[in-house]
Amino acid sequence: MSGIDVVVTGLGATTPLGGDVASTWDAMLAGRSGVSALTQEWAAQLPVRIAASLAVDPSEVIERVKMRRLDRSEAIALIAAHQAWADSGLKDSGIDSERVAVSVGSGIGGAQTLLNQDDILEAHGPRRVSPHTVPMLMPNGPAAWVGLELNAKAGVHSVASACATGAEALALGLDIIRSGRADVVVAGGTEAVIHPLPIAGFAAMRAMSTRNDDPERASRPWDKGRDGFVLGEGAGILVLERADHAAARGAHVYARLAGAGITSDGYDIVQPHPEGLGAVRAIRKAIEDSGVSASDITHVNAHATSTPVGDMAEIGALRAAVGDHPILTATKSMSGHLLGAAGALESIATILAIRDSMVPPTINLDDPEDGLDLEVAAHKARPLDIPAALNNSFGFGGHNVALVFTRA
Amino acid sequence: MATRAEITSGLGEILEEVAGVNPDDVAEEKSFTDDLDVDSLSMVEVVVAAEEKFGVKIPDNEVQNLKTVGDAVSYIEANS
C-alpha cells in the first residue's frame, strides 16, 4: 500500500465491438460477438480465417494524409487516447504538461508497417520505402504519438510484455503516480496485427481457433469445445490520476486502481506454469498492494483466452489466491484476444462492471470444462454488487500481471 | 516535354496525395516548408514521386536547393 491513491478519470477505446467505450460496453452487456470471417484474398491460404476486426476503421476517424504516417496500432491508440482525454475533462483544462506522463504499450508493435514496407522493398527497391517507416514501426510509436498529441512531458513509456502489456502499462502508470513523477498518466495498450504473417505464426504454434465455419462461436473460454484464441485488434486507454488531484478539480471518478501485482514464471518461453504459480503470486501481490481483502473481490475479469491449457490453469490460480466466491467472466469470448491491448480493454470492462454493478457475460460457454468449479456469468450479463474486482493478464514470456480496482 | 504549368500541376497532384496540400495553393513562388507546410519526411516522398512522374533523378544534395515549387519546376524542366 502507498499513501497516494490513484483513480481512473477517463476511458477510451476502439474495439471489434464498437468505435468507443459506450458502444463496446453495450455490445458486451448484450453478449455480442465481434468475431467474423476474414474475407481478404490473403486469408484464403491460411489455416485460420477468422478474426475480431475493428468495428470502426480508423480511416473513418483520422484524415487520410495523417493516416499515411501512422501504423494502424498508432492510429487506434490516438483515437482511444483522445476519447479518454476528453472524457477525463483534462482537455483544455490548463493542466501542467510537465505533470502528465504516458504509458502505452503494444505486444507486437508496427508489424503491418514492417511487412508492408518489406513488400515495397522487394518489389520496387529501397528508394520507394516510405520515410515514415521507422516512426511507424517502432514499438514506442503509439506511446510517442499519444504523448505528442496530448502534450505530455513527464515521460513517455512503452512496456512490452506480450498479452500482459496493457495491464503492465497500467501498473507502470500506478507506479509513476505513486512515486510522484506525474499527477496524470495516460495508460493502456494497442494492437493491430490482423495480417497473414502474425496469423500464420500464431497458427503454427497451434494457439488459435480454427473454427472457421462458425466465427461467432470460435472464442469460447472454459468450454469443452474451445480450440484456441481468436485474434482481435483494438486499443484501450485509461486516464489515471492522483486522487487528490482529481478531487481538487471536481473530476468524475470511475474507480480506484487500488493495486497491482507483477511476477514472472521463470518456467518456459510460451507455456504458462502448469500450476499457475506465477499467476497465484501476481494475484496475491495485487491484493496485498490494494489493501482490500480477498473476500471483497466479488468479480474477476479473467485472462481466459479460450486455449485448452491456459483457461483451466487460471481457474486453479484464482481458487488458490482469491477463493471460490467471485463471479468470473471472460470478455474475450466477445472481443477476441487483443494481445497487447487486452489488459487495457478488460480493465475498462472491469471498471464499468463495478460502476454498473453488472458482470458482462461469457458467451459460448455451452458445455463447461470438467473442473470449472468457480461461477461464471455464462451467456447473460449478471447483476452483482462489486466493491472490488480483479483483472488478470498473462503473456508469452512468462509475464503475469494482476490489477485490483475498487469502487471510488 | 512538359511545360512549366504542366509540371506545376503535376507537383500539385503529388503534394495533395502526400501532404494534403490543396492543389489550388500550389504556385511557383510558394515555399514547400513555409507556405505549403511540407515537412522534411514528406519532402522525401514528394521527391521520390516526382522522380517517377517526370522521369528525372533528383539527388539528395540537390533537394536542399529546391526551396520553392518554382525551384523544383526549373530542375525538372532542365533535367527531364
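**Charge pairs, aromatic rings and the A–B interface**

Start with D57(A), which forms a salt bridge with R72(A), its closest N and O atoms being 3.0 Å apart. A salt bridge here is a side-chain nitrogen of Lys or Arg within 4 Å of a carboxyl oxygen of Asp or Glu. D57(A) lies in the loop between β3 (50-51) and α2 (64-67) of chain A, and R72(A) lies in helix α3, so the pair ties together parts 15 residues apart in sequence. Helices (H or I, at least four residues) and strands (E, at least two) are DSSP runs, numbered from the N terminus. D57(A) is partly exposed, at 27% relative accessibility. The cut-offs: buried is under 20% relative accessible area, exposed is over 50%, and partly exposed is in between, with a 1.4 Å probe and protein chains only.

Some housekeeping. This is a predicted model: local features need pLDDT of at least 70, side-chain atom pairs count only at pLDDT 80 or more, and totals for chains, interfaces and linings use all residues. Residues are numbered from 1 along each chain as its sequence is written, chains are lettered from A and ligands numbered from 1 in the order in which they are written, and side-chain values use heavy atoms, with hydrogens and water left out.

Stay with R72(A). What else does its side chain meet? A polar contact of 2.9 Å joins the side chains of R72(A) and E233(A). By polar contact I mean a pair of N or O atoms within 3.5 Å; within protein, one must be able to donate a hydrogen and the other to accept it, and residues adjacent in sequence count only if both atoms are side-chain atoms. E233(A) sits in the loop between α8 and β7 of chain A. Is E233(A) buried or exposed? Buried, with a relative accessible area of 3%. Its side chain also reaches the backbone nitrogen of L54(A), at 2.9 Å. Leaving aside neighbours within four places in sequence, the residues in contact with E233(A) include T15(A), P16(A), E191(A) and L338(A). Contact means heavy atoms within 4.5 Å.

Now helix α3 itself, residues 72-88 of chain A. At 1.5 Å a residue, its 17 residues should span 24 Å, and the end C-alpha atoms are 24 Å apart, which agrees. The expected span is 1.5 Å times one less than the number of residues. α3(A) is mostly covered, with 13 of its 17 residues buried. Just after α3(A), G89(A) takes a positive phi of about 80°.

Two further salt bridges in chain A. The side chains of D366(A) and R220(A) meet at 3.1 Å, N to O. This pair links distant parts of the chain: D366(A) is in the loop between β11 (358-359) and β12 (382-383), R220(A) in the loop between α8 and β7, 146 residues apart. R220(A) is buried, at 5% relative accessible area. Then R407(A) forms a salt bridge with D385(A), the closest N and O atoms being 2.9 Å apart. R407(A) lies in strand β14 and D385(A) in the loop between β12 and β13, so parts 22 residues apart in sequence are tied together. R407(A) is partly exposed, at 39%. Over all chains, the count is 30 salt bridges.

On to chain B. How many residues of chain A are in contact with chain B? 9 residues of chain A, against 17 of chain B. The area buried between them is about 1,000 Å², with carbon and sulfur atoms giving 40%. Buried area is the accessible area (1.4 Å probe) that two parts lose on being put together, summed over both. R68(A), R127(A) and P131(A) supply 52% of what chain A buries against chain B, more than any other three residues. The interface holds 6 salt bridges. One is between the side chains of R64(A) and E17(B), at 3.4 Å, N to O. R64(A), R68(A), E17(B) and E45(B) are linked in a salt-bridge network.

Last, the rings. There are 2 aromatic pairs over all chains. F202(A) and F229(A) pair edge-to-face, at 5.2 Å centre to centre and 85° between the planes. The rule: rings of Phe, Tyr and Trp (its six-membered ring) pair if their centres lie within 6.5 Å; planes under 30 degrees apart are stacked, over 60 edge-to-face, the rest tilted. F202(A) is buried, at 11% relative accessibility. F202(A) also pairs with F396(A), tilted, at 6.4 Å and 40°. F202(A), F229(A) and F396(A) form one aromatic cluster.
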